[in-house]
Structure formats: structure tokens, C-alpha cells
Amino acid sequence: MLADAERKVLRIIANYSAGRKRMPSLTELGRKTGKSQKKLLDTLAELAREGYISWSLAEPDRITLLQAWEREDRENWWQMYGSR
């Protein structure tokens, strides 16, 4: 289950990309979430670890949405696709 912060950022990314046909920049995400850059980077890193987005600190404005909704059955997903 995602924390509220991660769920909020995931929804913003999904809605933003659907409406504008592009991913939001870090500046745009910061404005939408009200988060500091450090907190936002931590949240993006967690979403990437959980398999919701593809993202790395090396290219912070390059976000690829892999799954736009929260998985209900997280344990089975990791058994099938993850490598934790």
C-alpha cells in the first residue's frame, strides 16, 4: 500500500500526463504537491522502487509512468514481477 504522499504524486503524474500528453517537470510537480525538492525526489525514488514509474536521479525530469493506479495485491505483484 502506498503512503499518502506517494499516492498523491502518482495521481498527479497520471492526470498531468493524460491531460497534457507529457510528463510534468520536477518544478511542476513541486508546485502541484507543495513538497520540497528533497521530499519530492525521495517520493519519486520510492515510486520507482515500487514499480509505478521508471525514474532515476541521473535524469530527474525523465519520468515514465508504468502503472497509474495503486496495486491492491502488492505481495502477489512482487512475487510475479518484482525482485525485492
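Within what distance do the axes of α2 and α3 come, and at roughly what angle do they cross?

Tutor: This is a predicted model, in which local features need pLDDT of at least 70 and side-chain atom pairs count only at pLDDT 80 or more, while totals for chains, interfaces and linings use all residues. Residues are numbered from 1 along each chain as its sequence is written, and side-chain values use heavy atoms, leaving out hydrogens and water.

The axes of α2 and α3 come within 10 Å and cross at roughly 105°. That makes α2 roughly perpendicular to α3 (65 to 115 degrees counts as roughly perpendicular). An axis here is a line fitted to C-alpha atoms, for helices over the stretch in contact, and angles between N-to-C directions run from 0 to 180 degrees. On the α2 side, Leu 26, Leu 29, Gly 30 and Thr 33 meet Gln 37, Leu 40, Leu 41 and Leu 44 of α3 (contact means heavy atoms within 4.5 Å). Sorted by class, this contact has five nonpolar, three polar and no charged residues (Ala, Val, Leu, Ile, Met, Phe, Trp, Tyr, Cys and Pro are nonpolar, Asp, Glu, Lys and Arg charged, the others, Gly among them, polar).

The buried residues of α2 are Leu 26, Glu 28, Leu 29, Gly 30 and Thr 33 (buried is under 20% relative accessible area, exposed over 50%, partly exposed in between, with a 1.4 Å probe and protein chains only). Their cover includes α1 and α3. Just after α2 comes Gly 34, with a positive phi of about 75°.

Helix α1 also meets α3. Their axes come within 10 Å, crossing at roughly 85°, which makes α1 roughly perpendicular to α3. Ala 5, Glu 6, Val 9, Leu 10 and Ile 13 of α1 meet Leu 40, Thr 43, Leu 44, Glu 46 and Leu 47 of α3. By class, the contact of α1 with α3 holds seven nonpolar, one polar and two charged residues.

One of the α1 residues at this contact is Glu 6. Glu 6 counts as buried because its relative accessible area is 15%. Apart from neighbours within four places in sequence, Glu 6 touches Thr 43, Glu 46 and Leu 47. Between Glu 6 and Tyr 52 there are 46 residues of separation in sequence, and 9.8 Å in space from C-alpha to C-alpha.

The buried residues of α1 include Val 9, Leu 10, Ile 12 and Ile 13. The buried residues of α1 pack against α2 (26-33), α3 (37-49), β1 (53-54) and β2 (64-65). Just after α1, Lys 21 has a positive phi of about 60°, although Lys 21 is not a glycine. Most residues other than glycine have a negative phi. Lys 21 sits in the loop between α1 and α2, and it counts as exposed because its relative accessibility is 70%.

Finally, the whole chain. The chain has four helices and two strands, in the order α-α-α-β-β-α along the sequence (DSSP runs numbered from the N terminus: helices are H or I with at least four residues, strands E with at least two). Of its 84 residues, 37% are buried.

Definitions and conventions
Angles under 35 degrees count as roughly parallel, over 145 as roughly antiparallel, 65 to 115 as roughly perpendicular and the rest as oblique.
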